[in-house]
Structure formats: structure tokens, C-alpha cells
Amino acid sequence: MSTEHTDYEMQPYRSESSVAPRDHIALVDLLDRVLAGGVVVAGEITLSVADVDMVMISLRALVTSVSALAESGADLGELAR
Amino acid sequence: MTEPSGVWVYAVSADVAAPSLSELRGVGDEPVRGISAAGLTAIAGDVPLAEFGESALRRNLEDLAWLEATARAHHHVIDALGQRGPLVPMRLATVYANGAGVAAMLDERATDLRAALSRISAHQEWGVKAYAQQSEPGSPAAAEPARSGAARVGPGASYLRRRRDELSAHSQARYDAIASAEAVHIRLSGLAAEARLHPPQAPQLTGIRSQMLLNAAYLLDEERAEEFADAVTALALEHPGVRLELTGPWPPYSFAGLPDRPDHGAGRRREH
Amino acid sequence: MTARAGEPGTLARRHRIDADPESVERGLVSLVLTVVELLRQLMERQALRRVDDGTLSDEQIERIGSTLMALESRMGELRDHFGLNPEDLNLDLGPLGPLLPYD
């Protein structure tokens, strides 16, 4: 993999059309946000919230998501329900 | 529909006219619809439990190809609608048994959801990552002139000297890069309404060898986006020891958090 | 232009487990060389500390330095022989990060 030669790199991902083309967004950046961001709602009638705990075990490289969860103080017990 | 289904929730907005949603397809290629309650609308879709139910999710979330496709589809809906007005994104894989459950959630969390909507209204999320610049091999030692008074130094001793110079230049560079990343974050936080640090991304996922020193999200007033981008450019020039990467605008994923317990104005209360 | 490693398919490739004999051997070789490299770096740092402490004679310094220099050179040859880059010699310790420091 090359590491770049420009000190500053802008990654605009929104095109002029109303919906951004999917491939411009790096998956890692998206996963940072959709796995560890967004509203977390738990309740009796919720089937499941993203079981990030499980994701951590099987995709050990995604430790980042679990760390974020731990830092936010979220109750992992709720998520496992 | 004969197969059991659940309701996948993408986001919550202030009331939205339902017909305008129908052109969007969601994670299960289902048409996206709105479920309204308490003056709010949840953007949702009916999805088969065979693929999106709890046990199916445990399996599928471990499949990177499925995770990628689903994350992108989830984002696609949020991003498309986010352009029409403030939207509080849901975390990936928020699935309810039925629409009534979604409506009940809206009723229960209306105060918090409205507060979140007003906080992010007219704001955008932008991401900034900083990497330590790859050091040029051998350069510190090459630039080092022969030390005065060195007299005759054997090849072994001179090898050690070179290694010491390289290691100390390297650790100095590392120290400076970390200080730069901190300075960048402090300056950019000053331009933002809110800032949030994400853990550095694992190199196995990014394929980038340099060490990531900063992975931050900033909530900006829409009108300051250009000023922010200019600040990033300026900071990159001021801090040559780090490489900066700007991404955005994003829906406000990193700033959508609600308090752990709903705010009913009546103090603490068990959620369930 | 930064390579976009997040592209579809890239992540899946990284996590696939290869079980053919050649890559098992290559895996073992890089594991062994990683350990050797770790020891080499530790010895080098230790030597530099002793040099700085002033506890070594000039002759000792020369001898240790020559040995470490030869070791570095030999490591290079071994890597070349097995077609490995310096970056290939590392161990991922998960939350603890990589075994060998970023270079």
C-alpha cells in the first residue's frame, strides 16, 4: 500500500447529485460511525441492537468499535438482549 | 407477506411527508416508509427476520461482505434523507418486532429525540484523521556530519552511533507527530460545536502502514464548513510531521447519542 | 493517491485463512523472523544503553557494534531470501497493537 505524498488530502464524498455515490466512502470510516455512532435504543420490543460485542469477538480487527462502546459507558448487557 | 418480518429503523426526523420516501430502497431492498408518533417520524423498512432477525444478524454481522453491503445501504437511506432536513441516525441493526414498537419508542424518547434534532439541525459532521508521516530511511544519519574529535572509530562503533542517531531522531519525530495531532484536534475543536474522538483505525483494515494518531469527528455549523476545510489545509502546512485526511460531510452519526435513560423530566426511571 | 484499502473485497481477503502448505511455511518463517527481529531490536537498544552508561570499553563497543551490524545485514538477507518486507515481520497483538514498533 502506498502512503501518500501529499500532506493533505481531501476526500469529498458528496457529488452534485442528490444522492452520494456509494463507493467514495471508505468502509472503515463508515463502520466507525454506523457501528459506534447513532442512537442506541433498548427495550422489550427491540429485537436487537447491533451486537457489537459479538462483532468484536469474530472480527478482532474491529477492536476500535468495542473500545468506543466501552468509552461511551454503554451497558453491554442491554445490547446483548 | 407470509415470512416473518421485523422493522429496521434508519433514523428519526421531525414529521416527514410519507409519499416522499417511497423511492428509496433499504437494507433488504425494501421500500422505505415512515412511522409517526409524538410529532416525530421514524424512517423504517420491513425486513425479513430470516436475514435481519436476531440470530440471523449474529451470523450475518460476522460476514464482512454482508456487513459492508448492509452498512452502505443503511447509510444510503440516511444520507439521501439527511439532505432534506435534520435527521438523527440510528445505529446499524436497530430492529423492532413491529411498527407499534417503533411508535412506542418515539413516544418514550420524544423529548430526547427532539433535543438531538435541534442540536444537529443546520449542522454537519466532518471527519479528520491524522497519520504520522513515514520517516525517510536513513536521512537523519546521512545529514549528520562527522563528529569533531571522533578520531578513529571502527565500523562497529560507528554502526552503533548511526543507530542511536536514527532511533533518537525517530522517537523525536514520533513525539512531535503526536504533539501535532493534539494541536490539530484542539484547533479544530475550537471551530466546532462538538467534537468526538474515535479510536484509531486498525492498520489491518485500512491497509495504511503509518500510525494513525487522530480519528476525530466534528459537528460544524453548516456555514462554517468551508472555514473548517481551510483550517485543515492550513494545519497540514503548519504540521509537516502529520498527514491529514478530511472526510465529509457525514450525517451526524457521531453526535446522535441519547442519554442512557429517557428524560421524562421526572428524574430517573427504569426503561424496562 | 492513497490506496483505498476499504474497497469491497479487500477486508475479506485479509481475513481469509490460507491453509496451503506453502503459505503455512511462509507464515512460520515470518513468525520466526519476527521473533528474531524483536530480539535484534531489543539487543540493539540494550547495547546503546550500555554504551551511554559508559560501562563498555572501546573494544567491547566495537565488537558488539560489529556483531549487531552483521546481524542486521543477515536479517536483510533472510528477508530477501523468503521474499518478505520489513512490514511483514510483525505480530498483531489486538488491543495492544503491533509487536514491533511502527517504523
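Which residue in strand 3 of chain B does Gly34(B) stand opposite? Gly34(B) stands opposite Ile43(B).

## Basis of the model

This is a predicted model, in which local features need pLDDT of at least 70 and side-chain atom pairs count only at pLDDT 80 or more, while totals for chains, interfaces and linings use all residues. Residues are numbered from 1 along each chain as its sequence is written, and chains are lettered from A and ligands numbered from 1 in the order in which they are written.

Strand 3 of chain B covers residues 40-48, and seven of its nine residues are buried, so it is largely enclosed by the rest of the structure. Strands (E, at least two residues) and helices (H or I, at least four) are DSSP runs numbered from the N terminus. A residue counts as buried if 20 or more other C-beta atoms lie within 10 Å of its own, as exposed if 12 or fewer do, and as partly exposed in between; the C-beta atoms are placed from the backbone.

Strand 1 (residues 5-14) of chain B runs antiparallel to strand 3 of chain B, and nine bridges join them; two strands pair if DSSP finds at least two bridges between them. In this pairing Gly6(B) is opposite Val47(B) of strand 3. Strand 2 (residues 33-37) of chain B also pairs with strand 3 of chain B in the antiparallel sense, over five bridges. Strands 2 and 3 of chain B form a hairpin with two residues between them, and Ala38(B) in the turn has a positive phi of about 55 degrees.

## Domains of chain B

The domain assignment of chain B gives domain 1 (5-121) and domain 2 (124-137 + 168-255); such bounds come from an automatic or database assignment. The C-alpha centres of these two domains of chain B lie 30 Å apart. Six residues from domain 1 of chain B and five residues from domain 2 of chain B make the contact, where two residues touch if their C-beta atoms, placed from the backbone, lie within 7 Å.

On the side of domain 1 of chain B that touches domain 2 of chain B, helix 3 (64-82) and strand 4 (87-89) each supply at least two residues. Helix 3 of chain B gives the largest share of that side, three residues.

## Helix 8

In helix 8 of chain B, Phe228(B), Val232(B), Leu235(B) and Ala236(B) are buried. They cover an arc of only 100 degrees around the axis (taken from the directions from the helix axis to the C-beta atoms), which puts them on the same side of helix 8 of chain B. The face turned away from this buried side carries exposed residues, among them Glu226(B), Asp230(B) and Glu238(B).
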